[in-house]
Amino acid sequence: MKIFSINQLLRPHLQTLVPYSSARDEYTGKEGIFLDANENPFGSVTEEPFNRYPDPYQHAIKDKLAPIKGVSPSHIFLGNGSDEPIDLLVRAFCEPQQDNMIILPPTYGMYEVSANINNVAIQKVPLTPDFQLEVNAILSAVNEHTKIIWICSPNNPSGNLVDRSAISRIIQSVNCLVVVDEAYTDFAPSETFLPDLEKYPNLVVLQTFSKAWGLAALRLGMAFASEEIVKILNKIKPPYNINGLTQKVLIDALDHEELKNKYVQEILQNRDHLVQKLATLPIVVKIFPSDANFILVRFTDSMAVFNFLINNKMILRDRSKVKWCDNSIRITVGTARENETLVVLLQKFIAETHLTHAL
Ligand SMILES: *Cc1c(COP(=O)(O)O)cnc(C)c1O
């Protein structure tokens, strides 16, 4: 039995950190005359009032979100996009120039950027060519200074779910944190890792409102973890990291989960249709299986395709320079019409390059 202690992972100087105590920490009631926070007592210059500081812990949102996610509110942390919990996790647990984290290329770029910003070393253990975990290689890379392993499932940019039992094996075998980034979980057929939070004190699950919920501009990411980890993140976050406008919009948005599910169904249908169309094109070498709202596609000459499309105002994500993704482009599934335009443009590209060859 391994013994897990969060305090052994936490950077020593944070164990005694006294966090900023906001005016709204000292009195949490709603009624009263508030002369504690130097706000404007009349209202705002805007029609809607924003003159009061928002709830630093977003209790109303968490109470409403908890039953949707099947976790208790005390296991939820909300951040300014997933970017914020990613950065806070690095800052909380990784001592610069001493600790390291493990990432599994090809993967989401922010883990490494956040490590670089915080001067924390990265160890790269590539996924297999079909984008699954090299469990033994990951476990042998772990050393006494490894604090976080980042697993993205469904993986960006490949789109596939990562084998569940392999992820569980990693979580069970290590004493560091394992972050499972489930940004695309709404599109995936299998269960999230949220129910496993009960079992694993070293597990952190990331999700976001930026994809299926269609709220990317609000910047709202979720981290789910043990109460202890949530407390640590709360201690080091900027006090009012989720602004009042975002909180207000989200409270309403949470009433519309069924619309989110409808979007997901339509995107999945569009994805299957797009895959069928792309498969008929002679310039398409491979379409990687996707459990997300995007597909990774290998072309005969991705640079030529990419440039042709850009010139026609169709913007895709070139991934040809990343591990295992040579000649590959990541394509977000759009509306039926957008996808149709893409296919028509690719047919035009084929016709034009064919002509050039014939000349
Ligand atoms: C899009 C994405 C996110 C979401 O980031 P936000 O900051 O919440 O918008 C997180 N992780 C991965 C892997 C993503 O692709």
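In this predicted model, helix α4 and helix α8, which spans residues 227-236, cross at roughly 95°, and their axes come within 10 Å. An angle from 65 to 115 degrees counts as roughly perpendicular, and α4 and α8 are therefore roughly perpendicular to each other. On the α4 side the residues that meet α8 are Leu88, Leu89, Arg91, Ala92 and Phe93, and on the α8 side they are Ile232, Leu233 and Ile236. By class, this contact of α4 with α8 has 7 nonpolar residues, 1 charged residue and no polar ones.

Helix α4, residues 83-93, also packs with helix α5, residues 110-117. Here the axes come within 9 Å and the crossing angle is roughly 45°. The two helices α4 and α5 are therefore oblique to each other. Their crossing is right-handed. From α4, the contact uses Asp83, Ile86, Asp87 and Val90, while α5 supplies Met110, Tyr111, Ser114 and Ala115. Sorted by class, the residues of the contact of α4 with α5 are 5 nonpolar, 1 polar and 2 charged.

Another helix pair is α3 and α9, the latter formed by residues 244-253. The axes of α3 and α9 are 10 Å apart, at an angle of about 25°. Angles under 35 degrees count as roughly parallel, so α3 and α9 are roughly parallel to each other. The crossing of α3 with α9 is left-handed. Ala60, Ile61 and Lys64 of α3 make the contact with Gln247, Leu250 and Ile251 of α9. This contact of α3 with α9 divides into 4 nonpolar, 1 polar and 1 charged residues.

Next comes the ligand. How many residues surround the ligand, and which are the closest? There are 13 residues around the ligand, and the closest are Tyr184, Thr208, Ser210, Lys211 and Arg219.

| Residue | Protein atom | Distance to a ligand oxygen atom |
|---|---|---|
| Ser82 | polar backbone atom | 2.7 Å |
| Asn156 | polar side-chain atom | 2.9 Å |
| Arg219 | polar side-chain atom | 2.6 Å |

For Ser82, the atom in the table belongs to the backbone.

Asn156 leads on to the backbone. The peptide bond from Asn156 to Pro157 is cis, with omega near 20°. Where is Pro157 placed? Pro157 is in the loop between β4 and α7. That loop also holds Pro154, where β4 covers 146-152 and α7 covers 164-173. Pro154 is joined to Ser153 by a cis peptide bond, with omega about -5°.

A further backbone feature is found at Gln58. This residue is not a glycine, yet phi of Gln58 is positive, near 50°. Gln58 is located in the loop between α2, which covers 23-26, and α3, which covers 59-69.

To look again at the helix pairs: α4 takes part in a roughly perpendicular arrangement with α8 and in an oblique one with α5, whereas α3 and α9 are roughly parallel.

Note on methods: Residues are numbered from 1 along each chain as its sequence is written. This is a predicted model: local features need pLDDT of at least 70, side-chain atom pairs count only at pLDDT 80 or more; totals for chains, interfaces and linings use all residues. Side-chain values use heavy atoms; hydrogens and water are left out. Axes are lines fitted to C-alpha atoms, for helices over the stretch in contact, and angles run from 0 to 180 degrees between N-to-C directions. Helices (H or I, at least four residues) and strands (E, at least two) are DSSP runs, numbered from the N terminus. Angles under 35 degrees count as roughly parallel, over 145 as roughly antiparallel, 65 to 115 as roughly perpendicular and the rest as oblique. A crossing is left-handed if the near helix is turned anticlockwise from the far one by less than a right angle, and right-handed if clockwise. Contact means heavy atoms within 4.5 Å. Ala, Val, Leu, Ile, Met, Phe, Trp, Tyr, Cys and Pro count as nonpolar, Asp, Glu, Lys and Arg as charged, and the others, Gly among them, as polar. A residue is near a molecule or strand if one of its heavy atoms lies within 4 Å of it. A polar contact is a pair of N or O atoms within 3.5 Å; within protein, one must be able to donate a hydrogen and the other to accept it, and residues adjacent in sequence count only if both atoms are side-chain atoms.
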